Structures are given as C-alpha cells and as structure tokens.
Amino acid sequence: MESPPSASSTPLLPPQYCYRYTPSTSLSTCPSSYFALACKFQELARKYPEFQNAWADLRRGQRRETASQRQHGKVSPSKQGGKHDTRTCDDQSEVQSCDILDGNDTCNTEKEASDTATPTSHSQPFSAQITHTFNASLARSLLHHNFRLEMPSLPAGRLCPPIPNRANYVCWLKELLIQSKKDLHRFSDVADRELWQYQGMDIGTGVSAIYPLLLTTDLFSRGDAFTISQRKAGNVDAGNSENEGKCKTLSRQWKFLATDIDPLAIQSARINVQANNLEDQICVVQVNDSDSIVSSGMNTRKGPLFATMEKAKEQTTFQTCLPKDENDVMPNELAEYPKFDFVMTNPPFYSTLKEATVPRAGDKRSRTDMSANESVFTSYTTRNDLVGGEDMDDCDNGTTESGGGDVGFIMAIMNDSQLFRHHMTWYTSLISKRSSLDAVLQKLQTLDGVWGNRGQIKTVEFRQENLNDSGENDEKRVKNGSPRVRWGIGWTYERAAGRCSSCQVKGGLQSFDVWLRVSDDTNGMSNADDKAKRASNEVVSRLVDYFEKQRDFSLKCSHQMRRYGNDSIAGNDDGSVFPRGKMGRCVTALEERFFNCKPNPSALLDHEHDNNNLPRQGHFIIDAFVEGSGQCNDDGNVHVIVFLEMYAHTKRGTSLINKIRGSLPGEIGRTNRRWRRLLKRQPTT
C-alpha cells in the first residue's frame with residue numbers, strides 16, 4: 001500500500017481556495033457553481049517529498065520523449081507554423097488539478113515552455129504524459145495542504161479523484177441544503193421539528209472515499225449553516241437562565257454512509273477513513289451488485305439506492321425513520337429504514353466497456369485510469385442477462401429504457417427513489433455531459449411525485465477556476481479556469497414553497513412606472529407624501545381590479561405588507577436598479593381555486609396540467625409591490641412604481657404569468673388603446 005504524503009518542517013500556508021455560487025438568470029438556464037483552488041507545484045514540492053519525486057520523474061520523462069522526438073527528426077528546435085502545445089511539466093500552473101487529474105488535454109496556463117522541452121504538434125500532449133504516481137501524489141498534497149486530510153491508499157488502476165471537481169460538488173450540496181430552509185415547504189414550520197437528520201449517503205465511494213472525507217471538512221460540515229438551538233435539541237434546562245446565557249446553539253456532528261460494490265475500493269476507502277480518525281463519522285460498507293438487480297419481498301426492481309438502503313438499515317449508526325405526523329405515513333416494511341438528508345453519487349459515465357477503453361478520437365490518448373465498475377454501467381436488460389436472465393417486472397413509473405452510463409445509473413436511482421421518497425430529502429448526482437442532463441430532466445417531467453415541478457428539481461454547472469498569487473479578495477484572485485464543464489442534478493419529493501427561489505421568473509418585465517393625476521383634498525391642500533399615498537392606493541385598487549376581472553382564468557387577490565425579496569440591489573432589463581430588502585405594499589394574485597387552500601389541495605386538482613405535489617399556492621404566484629416615489633412631473637402627475645416578483649412552478653404557471661404581465665403596464669397606467677378610447681368617451685373619469 002502506498003505511503004501517505006509527508007510534509008517538511010516548513011509550516012504550511014493557509015489553504016488557498018474559494019467558492020462562489022451564481023444563481024441562474026432565467027428559468028431556462030442552470031446556476032453555476034465555481035470552485036477555485038491554488039496549486040503551485042514548486043510550493044507543494046518543497047513541502048511534500050512524494051510529490052517532489054513524482055514531479056521530477058515526470059519532467060525527466062518529458063525531456064526523454066522530447067530528445068527521442070528530435071532524434072527521429074520530429075521536433076524542430078525552433079517554432080514552426082501553426083499552433084503548438086508548448087506546455088511542459090515545468091510550468092507552474094496555478095490550478096489545473098481538475099484538468100490533470102481528470103485527464104483533460106488542456107491546462108490552465110499561458111506560460112511559455114521552458115528551454116528544456118519544446119514539443120510540437122508531433123509530440124504527445126502534456127496531459128497524456130501524466131502518470132498515476134504523479135496524479136496520486138498531487139491529490140494527496142492538495143488534500144493535506146488545503147483540507148488537512150490524509151489519503152494513504154490510492155491504488156493504481158482505480159480512479160484518482162480530481163480534487164477541485166469533488167470539492168465543487170460538496171460546496172454545491174451545502175448550498176442546496178441551505179436553500180432548502182426557504183425553498184421547501186416542510187422547513188417553513190420548524191417550531192416542533194429539526195431541519196436536518198445530519199446524515200448523508202455516497203453511492204460508489206471508490207478507493208478514495210473522497211466525498212465523505214471532504215464532507216467532514218470546513219467545506220461542508222462546519223460553520224453556522226446547520227446549527228440548531230440547544231433548547232430545541234433538549235440539551236438546555238428551560239428553567240436555567242444561566243445555562244441559556246452560556247451557549248445558544250449546538251452543532252451536531254454529521255454522519256455519512258459510503259458504499260461500493262468493489263471489495264478493493266471498500267478496503268482502500270476504510271484505510272483512508274481510518275488514517276483521518278473519522279470512523280465515528282464515516283461508515284464504509286460493501287454492497288452486493290446482485291442485490292441491486294434481483295427482486296425480493298417488496299416486488300419491485302431494485303437499483304443502487306435500494307442496495308445501499310438495505311445496508312443502511314443494518315447499521316446502528318443511523319437513525320430510524322419515523323413518521324413525523326399523521327399525514328406522513330409510510331408502509332410498515334419501510335418504517336425501519338433510516339432517513340437521510342441527501343444522497344450523492346459520481347456515476348459510471350460509460351454504457352459499454354469498449355466505450356470506456358477506446359482511446360479518445362482527437363489525440364488518441366487513453367481514457368482515465370479506472371476499473372470497469374467505476375467506468376461502466378449497463379442497461380437493466382443487459383445486467384439481467386448477466387446475472388441469470390430472471391424476468392423483472394417494470395416499475396409503475398417506467399423503466400430505464402435509455403440504456404446505461406450515467407443516465408441509466410441515475411434512472412436506476414430514480415426508480416428506487418419512488419419507494420424511498422420519504423427517506424431522503426435530496427437525491428443528487430454528478431453528470432458527465434449536457435445531453436445526459438437533458439435526458440434526466442425529461443424523465444423528471446413524468447416522475448410521479450415530481451412531475452417537473454421546478455421547485456423540486458435543481459440543476460447546476462460545475463466550473464473550475466484558478467487563483468492568482470495576490471492576497472486580494474476572491475473576485476480579483478480568480479482568473480480564467482478550465483473550459484471543462486460538469487453538471488449536477490438534484491430532485492426531491494418534498495413540496496416546494498410557493499416563493500421558491502429557483503422558481504422566480506427573472507426575465508422579461510420586472511417593473512413598470514405609473515403616472516397618476518391626484519386631486520387635492522377637500523380643503524384644497526395636499527402635500528407630496530399625501531399625494532404619493534393616495535396615488536399608491538389607486539394603483540393597488542387598479543391591480544386588484546385587473547387581476548380579478550381576467551376572462552380566461554379566475555384569479556383572487558390579497559393585499560398585505562411584504563418584504564421585497566432579499567437585501568440586495570435588483571436590476572431591470574433596461575439597466576435601472578431599485579433597492580430591495582424593505583417592507584412594501586403588496587398585491588398577491590393566485591388562481592382562485594388555490595386561494596386560502598388547506599394544506600392538502602388535492603381536491604382542487606381538476607386541470608389537465610395539475611399534479612398532486614403542487615405548492616399550496618398552485619402553479620404560480622404574482623407579487624406586485626406598489627411604491628410611491630413622491631415625484632411629480634410638470635403636468636402635476638404623481639409617480640408610482642410597481643415591482644413584480646413572480647414564481648412559476650410549472651410550464652402552465654409560466655404561460656399564465658406571461659399572459660397576465662404583458663398587459664399590466666397599459667392596464668394599470670391606463671395608457672393602452674382600450675383605455676384611451678374609454679377615457680376619450682369619458683374625459684372626466
């Protein structure tokens with residue numbers, strides 16, 4: 001077994017990485033998750049002898065190859081016409097690890113090659129010369145330097161994890177759970193229930209157990225994001241004011257279940273967990289591949305999630321899932337399975353062994369060093385043939401007809417999730433390419449309990465960036481990163497909150513101006529504030545009248561004070577901005593059948609586009625905030641601005657919002673053709 005990295009006596013510098021999450025700008029685009037990690041080879045070489053030796057071997061090998069190419073007349077000392085790859089392993093790339101470790105043929109550096117090696121287009125690409133020894137030593141050094149993690153076991157022939165990519169997934173997962181506190185209806189009433197189970201699951205953990213290890217670091221587990229009150233946790237005497245004053249919150253320790261079907265992966269993962277003294281947080285368990293195929297007492301097709309839940313049930317480490325209330329009832333045979341906050345997986349990307357082993361078409365490089373279990377997932381039909389040809393019944397919600405690879409693996413988990421919909425808050429997975437993401441999203445449109453509801457589906461683009469040497473803030477330290485993009489998908493069976501952030505409509509009309517003539521009061525006196533208030537009252541009245549007199553669909557309005565979004569500056573399409581984060585007068589419009597509905601609106605679902613997991617507010621919400629600016633023009637008209645916050649949970653919701661808001665400026669301002677004709681007939685109105 002390989003030895004862990006040993007650092008020199010020189011003190012380690014603080015970890016150098018940063019993370020940022022950029023929400024989507026429209027309902028049709030993915031949010032972006034950016035992770036930047038500094039990777040300075042010279043600095044790592046000074047601190048980690050293992051990496052220093054591997055790097056030196058790589059440079060010697062590159063020089064030998066260059067000399068051999070020159071000897072055969074394939075390399076010219078001077079540059080020739082055309083674009084050449086001038087990168088060498090002497091370049092001090094400041095992060096690249098996602099490219100090097102993932103086998104990408106591009107490297108994030110623009111530096112010129114050193115004089116010791118000048119490969120041309122006849123030479124092998126830089127990344128084609130990377131060895132497993134170099135990959136493993138770099139991964140160990142990065143993990144220890146930035147996260148104080150040891151990884152003594154990374155056997156050859158198995159996937160060596162790209163650290164920035166894996167850290168990016170972990171950071172996004174934390175972002176997803178934090179958003180759940182306001183985006184999922186279950187968390188809106190937290191008076192008598194805890195937000196989290198503090199339990200996560202990693203399917204296919206591999207030889208490194210990289211995900212659960214990173215989940216125990218500051219990237220995920222620490223900080224105040226998952227703290228709960230001590231009184232709520234039952235650890236504070238309610239009558240003891242002295243104890244209450246000493247400590248207000250408590251951070252519970254997360255626990256993770258990591259599974260794999262490969263005995264070598266299990267052995268290696270346990271070594272890495274033990275090296276970090278994390279046995280009390282990470283439970284590594286082997287699952288039987290045949291158990292994920294053959295049906296048993298529950299008469300349903302079993303996939304990777306089912307096999308993992310079977311093992312979770314046997315572990316005393318994890319809590320048993322009990323119904324929360326009378327409405328949260330599950331079959332008796334499922335009550336003994338534990339409940340988790342999330343499942344994550346890095347699925348096999350290929351559907352056949354040939355696809356996983358054939359050299360890349362462009363530069364003929366070999367595929368990333370992986371075992372067949374890590375790289376290939378076949379379709380259910382093929383797997384059935386392999387294990388004896390048993391006839392397996394189709395699940396009620398459909399089968400994985402799309403075959404294998406990452407799509408087939410995710411759909412197998414999706415089928416299992418139908419049975420365990422009460423046992424997991426979020427089901428998540430890494431995805432290799434955009435076409436796979438589209439296939440999974442298409443399946444989620446018809447998945448029972450999800451039905452394409454936007455608040456129950458999360459997508460993300462994973463992008464890696466680099467850090468500069470400067471100690472300035474993160475925005476200035478980040479420079480162009482890897483062009484490679486991975487995607488992530490998440491879905492839940494929890495009902496979304498009506499004002500779920502991922503359902504907010506951000507494109508198109510977001511605000512409009514209204515100018516009103518306001519007469520003086522009965523005494524012939526009015527100040528600016530009084531006119532602004534009366535103008536706002538008139539706009540509110542017009543909004544209610546417009547919404548409730550829609551012909552094609554029946555709407556109902558409420559009028560209350562609400563807070564404008566969040567404490568930020570929101571922008572319009574025309575480039576103007578307006579302040580947010582304050583209370584304002586709001587007219588809320590819903591479909592009448594969902595207005596003041598009870599917790600279970602199932603009796604109201606009579607439209608062809610309805611589904612049984614819609615938010616209580618239905619397909620959409622329109623919040624129209626009315627604010628008088630106090631300005632008057634030369635004609636004496638008073639200015640009022642209307643801000644729109646709209647949430648569409650379904651395609652029907654988007655369609656209705658577009659129909660409604662398109663006529664708002666003309667109807668409320670009474671400037672459209674219909675109102676001009678009416679006002680011309682009744683000039684005194």
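This is a predicted model: local features need pLDDT of at least 70, side-chain atom pairs count only at pLDDT 80 or more; totals for chains, interfaces and linings use all residues.
R20, with a relative accessible area of 28%, is partly exposed.

These two residues form a salt bridge, in which the closest N and O atoms are 2.7 Å apart. The pair links distant parts of the chain: R20 belongs to strand 1 (residues 17–22) and E465 to strand 10 (residues 457–467), the two being 445 residues apart.

## Salt bridges around K313

The model contains 19 salt bridges by the rule applied here. Side chains of opposite charge can pair when their charged atoms come close. K313 takes part in a salt bridge with E310, where the closest N and O atoms lie 3.8 Å apart. Both residues are in helix 10 (residues 304–314), separated by three residues, or about one turn of the helix.

K313 also forms a salt bridge with E336, with the closest N and O atoms 3.6 Å apart. This pair links distant parts of the chain, since E336 is in the loop between helix 10 and strand 8 while K313 is in helix 10, 23 residues away.

## A network of charged residues

Elsewhere, salt bridges link four residues in a network: E591, R593, D610 and R652.

## Strand 8 and its partners

Strand 8 (residues 340–345) is mostly covered, with six of its six residues buried. Strand 3 (residues 199–203) runs parallel to strand 8, and four bridges join them. Within this pairing, G200 has F342 in strand 8 as its bridge partner.

Strand 8 also pairs with strand 9 (residues 424–431), again in the parallel sense, over three bridges. Here the bridge partner of V343 is Y427 in strand 9. In a regular strand the side chains alternate between the two faces of the sheet.

## A positive surface patch

Which residues gather in a patch of positive charge on the surface? The patch consists of R673, R676, R677 and R681. R673 is placed in helix 20 (residues 673–681). Because its relative accessibility is 55%, R673 counts as exposed.

Technical notes:
Residues are numbered from 1 along each chain as its sequence is written. Side-chain values use heavy atoms; hydrogens and water are left out. Patches are made of residues with over 30% relative accessible area and no salt bridge: like charges are joined within 9 Å, nonpolar side chains (Val, Leu, Ile, Met, Phe, Trp, Tyr) within 5 Å. Accessible areas come from the Shrake-Rupley method with a 1.4 Å probe; for residues, only the protein chains shown count as cover. A salt bridge is a side-chain nitrogen of Lys or Arg within 4 Å of a carboxyl oxygen of Asp or Glu. Lys and Arg count as positive and Asp and Glu as negative; His and the chain ends are not counted. The place of a charge is taken as NZ of Lys, CZ of Arg, CG of Asp or CD of Glu. Buried means under 20% relative accessible area, exposed over 50%, partly exposed in between (1.4 Å probe, protein chains only). Two strands pair if DSSP finds at least two bridges between them.
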